[in-house]
Amino acid sequence: MYEKQVFLCGVNPVSKIAAEVAGYADVAKRIIDLAVFGAAQNRSHRRLADFTDTIGNRVSGSHDLEMAIKYMYNAFAQDGLDVHVEPVKIPHWVRGEESAEMIAPRAKRLAILGLGSSVGTPPEGIEAEVLVVQSFEELKHRASEAIARIVVFNQPFVSYGETVAYRAYGASEAAKVGAVATLIRSITPFSINSPHTGWQDYQEGVKRIPSACITVEDAELMWRMAQRGQRIVVRLSMGAKTLPDADSFNTVAEITGWQHPEQVVLLSGHLDSWDVGQGAMDDGGGAMISWEALSLIKDLGLRPRRTMRTVLWTAEEQGGVGAQQYYDLHKVNRSNFDLVMESDLGTFTPVALQFTGSVAAQKIMAEVVKLLAPINTTTLETHGEGTDISPWMKAGVPGASLHVADSRYFWFHHSEGDTMTVQDPHDMNLCSALWAVVAYVVADLEDMLPR
């Protein structure tokens with residue numbers, strides 16, 4: 001008998017696992033039916049609306065973020081989940097009052113949003129001539145013109161991953177050539193005169209100058225004026241300041257596994273947002289589907305072999321600060337983390353599951369997504385991604401993220417436009433179903449995913 005078993009495993013372990021995964025077709029359909037057509041239909045959308053309408057936006061270090069954590073702790077507890085919080089220290093940057101206006105060649109108010117971690121201007125503001133450039137390269141070529149100027153970056157939007165470098169590093173690059181402030185074209189492919197904020201990084205040993213985003217329209221306007229040789233003068237006032245790090249919490253809810261409670265499939269989204277809009281899309285939706293996945297499993301009376309754990313991260317927008325501290329605390333047990341999942345690119349119509357892991361693990365996950373045929377999301381793509389799960393993936397833990405039809409994501413990202421109006425209940429049902437099926441099945445398979 002022993003020899004026969006070894007022989008069978010040796011011949012085709014893939015078909016054995018495929019058969020095991022296929023055995024979950026009925027339970028997957030029950031999860032999907034409950035989320036999309038049943039009693040839980042539109043629940044994640046309702047939960048998101050209640051949460052964001054009650055709390056609003058919730059930037060790192062703010063009272064609103066504290067309230068958001070308390071709200072979610074109570075909501076998890078009322079839902080009958082095991083819940084606790086884990087303390088962390090997070091950045092506390094405050095925007096303060098801010099304004100900008102062009103005073104030559106004509107008077108025009110400029111819509112701005114100061115960038116996270118930026119210093120403020122002196123109380124009287126900064127009034128200076130403007131140098132408009134379209135790239136870091138152009139700034140280097142025109143370095144002598146930048147002294148005592150406000151540098152306006154009018155870089156074209158290529159992709160978020162590429163273009164965000166201007167928001168992140170624009171201030172320090174401009175300071176190196178003697179600029180007094182920077183105004184950076186918002187990192188978005190589409191604009192209705194809306195500025196988009198975000199974090200920026202000062203380089204060590206470089207003078208810290210104020211930095212804000214302006215609208216695509218105003219960046220292009222000043223570029224055209226500069227092309228005509230017109231002298232542009234802007235007055236900028238920013239009350240931004242950084243306070244001492246604040247106390248905060250990662251919020252954790254779980255369904256404990258019946259056989260291997262110490263082994264974990266982790267689902268996540270981040271609870272903090274920027275201090276504009278409602279943070280419904282980034283990342284209220286990701287947080288809510290990570291809660292909804294547990295609710296769906298609980299409502300169906302299911303209990304997986306391993307623990308399903310939802311973590312709502314704090315201070316993601318400042319560079320995954322809460323998540324890094326969670327990793328530092330739990331990395332000693334990383335061999336017990338089966339799969340880490342993060343949703344932070346919107347909860348629009350799901351297209352695929354993105355996955356990072358060994359070839360053997362990819363084969364298993366390709367079988368798992370076949371269970372999503374009822375909602376037509378059976379594609380497995382490479383490269384799971386997410387700021388908050390990246391430390392785990394770098395350490396070799398399999399990671400997964402949600403790929404959605406996200407062409408509109410950066411229209412609203414980090415702007416006043418990130419509100420409930422962007423969210424669609426049916427899309428959120430589909431995302432919740434996908435999230436729950438994948439997490440439950442992986443948590444219940446006989447073996448952990450191979451590293």
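Biologist: Which residues does UniProt list for "domain: Peptidase M28"?

Modeller: The unreviewed UniProt entry gives residues 250-436. In this predicted model, the span is 34% helix and 25% strand, and its end C-alpha atoms lie 21 Å apart.

Biologist: Why is glutamate 173 called buried?

Modeller: Its relative accessible area is 19%. Buried means under 20%, so glutamate 173, at 19%, is buried.

Biologist: Where is glutamate 173 placed, and which residues is it in contact with beyond four places in sequence?

Modeller: Glutamate 173 sits in helix 7, residues 160-176. Leaving aside neighbours within four places, it is in contact with Phe136, Leu139 and Gln203.

Biologist: What makes the pair of glutamate 173 and lysine 176 a polar contact?

Modeller: Their side chains come to 2.9 Å. The cut-off for a pair of N or O atoms is within 3.5 Å, so 2.9 Å meets that distance.

Biologist: Which residues touch the most other members of the largest nonpolar core?

Modeller: They are Leu339, Met341, Met365, Trp435, Val438 and Tyr440, in a core of 85 residues. Helix 14, residues 425-444, supplies the largest share of this core, 14 residues. Another core lies apart from it, with 22 residues, including Ala128 and Met222.

Biologist: Why would such side chains be found together?

Modeller: In soluble globular proteins, nonpolar side chains tend to be buried together.

Biologist: Which residues does tyrosine 440 touch, not counting those up to four places away in sequence?

Modeller: Tyrosine 440 touches Tyr24, Val27, Ile31, Ile297, Leu302, Arg303, Pro304 and Met308.

Technical notes: Residues are numbered from 1 along each chain as its sequence is written. This is a predicted model: local features need pLDDT of at least 70, side-chain atom pairs count only at pLDDT 80 or more; totals for chains, interfaces and linings use all residues. Side-chain values use heavy atoms; hydrogens and water are left out. UniProt positions are given in the numbering used here, feature names are shortened, and annotations may be inferred rather than shown by experiment. Helices (H or I, at least four residues) and strands (E, at least two) are DSSP runs, numbered from the N terminus. Buried means under 20% relative accessible area, exposed over 50%, partly exposed in between (1.4 Å probe, protein chains only). Contact means heavy atoms within 4.5 Å. A polar contact is a pair of N or O atoms within 3.5 Å; within protein, one must be able to donate a hydrogen and the other to accept it, and residues adjacent in sequence count only if both atoms are side-chain atoms. A nonpolar core is a set of buried Ala, Val, Leu, Ile, Met, Phe, Trp, Tyr and Cys residues joined through side-chain atoms within 4.5 Å.
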